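Thanks for coming. I'll take one structure and go through a few parts of it. Please have the display open.

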Amino acid sequence: MTQMPPKVDVPRAAPVPPVPVTLADTGLTADKVDALIVKTLYGGEQSGLQLAESLRLPYPILEPIIERARAERVIEVRGAIGTGTAGYKYSLTDLGRDRAREYSEVNQYTGPAPVPLEAYIEAMKGLSSVRGFIDRPRLHDGFAQLVISEHIFEQLGPAVNANKAIFLYGSPGNGKTVIGEGLGKAIGGDMYMPYALDVDGYIVTMYDPITHQSLETENANSSIIAEAQRDRRWVRIRRPVVIVGGELTLAMLDLTFNKVSKFYEAPLQLKANGGVFLVDDFGRQRMRPEDLLNRWIVPLESRVDYLTLHTGKKFQIPFDVLTVFATNLDPLSLADEAFLRRIPYKILAKNPTMDEYCRIFEMNCRKRQIAFDPVMVEYLNRKYYQPRKLQMRACHPRDLVEQVVNICRYHGRDPAITRELLDQACGSYFLEESSSQGNES
């Protein structure tokens, strides 16, 4: 019987974390939730509904824990803004403030209740199952605003479907960084990221509003009657694209422990889980390339990573990341054969052809609402590239058009591409022949 080829499909909707109905559904103990409530109230009084919003947990789960704290004279009622205990305004007693300080000695974390590590691992397994495969139209859609060579598309597509590491190399200015960003758009889809994890009682914050693009819509009319359709300890985000460059250090790939607040921040690759992690300018970090590569050997092969708490305890997390290394250095000078074998997809970002250069120039003119004339590109080629033996780079059209726009703004005129303006732009963009000896900066 002939086996049918696998169906290429778009990513299905990310699995939705189910709404917890009981305390057991949260995976947390009553004492952990109690500590969060008390520390939250240490910042000021809140109603029952406000506490539920702060912890992102349904009020019926919090109610018995609040009542227990009231019985212990840790919490007191200071009024009401609605009916039922959910409308009571709660504050700490003197005993409660002492209790809050004790809890803060363990950690000072307040905010959405954490998700147990085990639940996160299961969620990542479910996310992998709905990722889908990428086909030619979907990949092209991800790069709709870019001009990419067809031979690069032919290599990127299989690499994305394999979800293996990619090594982008080539001359500077040929779009290695934007290719990495485009991969995130091509993969597309959404996912759910926990605000924080509970790892053996230690808090690890996960959601980063700078790194992650939230897809949440605030419901200003939330009430005790309107139930959430999912576990709100998870925030819905676009699949992340995390980009780091020369500032990357080995410490940034490990948990960051704040000795004052006594909780952790997730490392970059954990924040990128489910998406793309682009290491730009690879080889220019403040460490030996070998040290950085050695850090990635286990995750790239086994698809799991190991992190260490400050206590010395190690724990395992999924490594469901499309990792992209981008460099303008010789790959053979950065890694040995054994490591390069672990990166099965090595893609050369070549210089654009004349036709591609022209299309990139036209695209940048269109973005700036400037009339495009291909004669101007031919002028650049004839006057600058050929005589000086300059190599065309994919970034040149964008940079030259930007310079022309800035020149026109300075002179108070409408932007336009002319020979005179291009000469002025090239005069400041390319090094003079006497100093460059035929090469641009």
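The cavity count for this model is 1, taking those of 30 Å³ or more. A cavity here is a set of points, on a 1 Å grid over the protein atoms alone, where a 1.4 Å probe fits but cannot get out. Grid points are joined across faces, edges and corners, and a volume is the space filled by probe spheres set on the points. The largest cavity holds about 40 Å³ of space.

Before going on, the ground rules. This is a predicted model, with local features needing pLDDT of at least 70 and side-chain atom pairs counting only at pLDDT 80 or more, while totals for chains, interfaces and linings use all residues. Residues are numbered from 1 along each chain as its sequence is written, and side-chain values use heavy atoms, with hydrogens and water left out.

Which residues line the largest cavity? They are Arg 131, Asn 163, Ile 187, Arg 239, Gly 274, Gly 275, Asp 320, Val 321 and Leu 322; a lining residue has an atom within 4 Å of a point. By class, that lining has 3 nonpolar, 3 polar and 3 charged residues, with Gly counted as polar.

Leu 322 also belongs to strand 16, residues 322-327. Strands are DSSP runs of E, at least two residues, and helices are runs of H or I, at least four, numbered from the N terminus. Buried means under 20% relative accessible area, with a 1.4 Å probe and protein chains only. Leu 322, Val 324 and Ala 326 point one way, and Thr 323, Phe 325 and Thr 327 the other.

Strand 16 runs parallel to strand 5 (166-169), joined by 4 bridges, and Ile 166 has Val 324 as its bridge partner. Strand 13 (276-279) is also parallel to strand 16, again with 4 bridges; there Phe 277 is partnered by Thr 323. Pairing requires at least two DSSP bridges between two strands.

Strands 2 and 3 share 4 bridges, and Glu 76 is partnered by Ser 91.

Last, helix 3 (48-55). Its buried residues are Gly 48, Leu 51, Ala 52 and Leu 55.

Key
Buried means under 20% relative accessible area, exposed over 50%, partly exposed in between (1.4 Å probe, protein chains only). On a 1 Å grid over the protein atoms alone, a cavity is a set of points where a 1.4 Å probe fits but cannot get out, and a pocket is an open set with protein on both sides within 12 Å along at least five of seven lines; lining residues have an atom within 4 Å of a point.
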